[in-house]
Amino acid sequence: MGEVEGEPWAAIELESGEVLADPFHPTADLAEMLRLRAARIRAAEQPALASKRRFRRITAAAARALPGRRRRVPAELGP
């Protein structure tokens, strides 16, 4: 949320990037700062998601490679 002197002027939805702004205040610069901040937050979260995907692929490959020791990959880690 973007505030000016403690008063909310704009906010952004992190997933969609949709900005909600007070039409009675000049918020273009504030909205742009919120977009940049949201992009940084999303970028910081992406490595964690990529790491989970990589772990899923490795465990699935290991389960296929071990003869006679088929393991079920938990649903939350499966493809």
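View 1. The model contains an open sheet of 3 strands, arranged in the order 1-2-3 with antiparallel pairing. Strand 1 (2-4) and strand 3 (19-21) form the edges, and each of them pairs on one side only. From one strand to the next, the twist averages 20°.

**View 2. The pairing of strand 1 with strand 2.** These two strands, strand 1 and strand 2, run antiparallel and are joined over 3 bridges. Within this view, Val-4 has Glu-7 of strand 2 as its bridge partner.

View 3. The largest nonpolar core consists of 6 residues: Trp-9, Ala-10, Ile-12, Leu-30, Leu-34 and Ala-38. Strand 2 (7-12) and helix 1 (28-65) each contribute at least two residues to this core. In soluble globular proteins, nonpolar side chains tend to be buried together. Beyond its neighbours within four places in sequence, Trp-9 is in contact with several residues, including Gly-2, Glu-3 and Val-4. Further contacts of Trp-9 include Leu-20, Ala-21, Asp-22, His-25, Pro-26 and Thr-27. Leu-30, a member of the core, is also in contact with Trp-9.

**View 4. Confidence along the chain.** The chain has a mean pLDDT of 79, and 77% of its residues reach 70 or more. Confidence is highest in strand 3, at a mean of 90, and lowest in helix 1, at a mean of 80. Where pLDDT is low, the predicted coordinates should not be read in detail.

Conventions:
Residues are numbered from 1 along each chain as its sequence is written. Side-chain values use heavy atoms; hydrogens and water are left out. A nonpolar core is a set of buried Ala, Val, Leu, Ile, Met, Phe, Trp, Tyr and Cys residues joined through side-chain atoms within 4.5 Å. Buried means under 20% relative accessible area, exposed over 50%, partly exposed in between (1.4 Å probe, protein chains only). Helices (H or I, at least four residues) and strands (E, at least two) are DSSP runs, numbered from the N terminus. Contact means heavy atoms within 4.5 Å. Two strands pair if DSSP finds at least two bridges between them. Axes are lines fitted to C-alpha atoms, for helices over the stretch in contact, and angles run from 0 to 180 degrees between N-to-C directions. pLDDT is the predictor's confidence in each residue, from 0 to 100.
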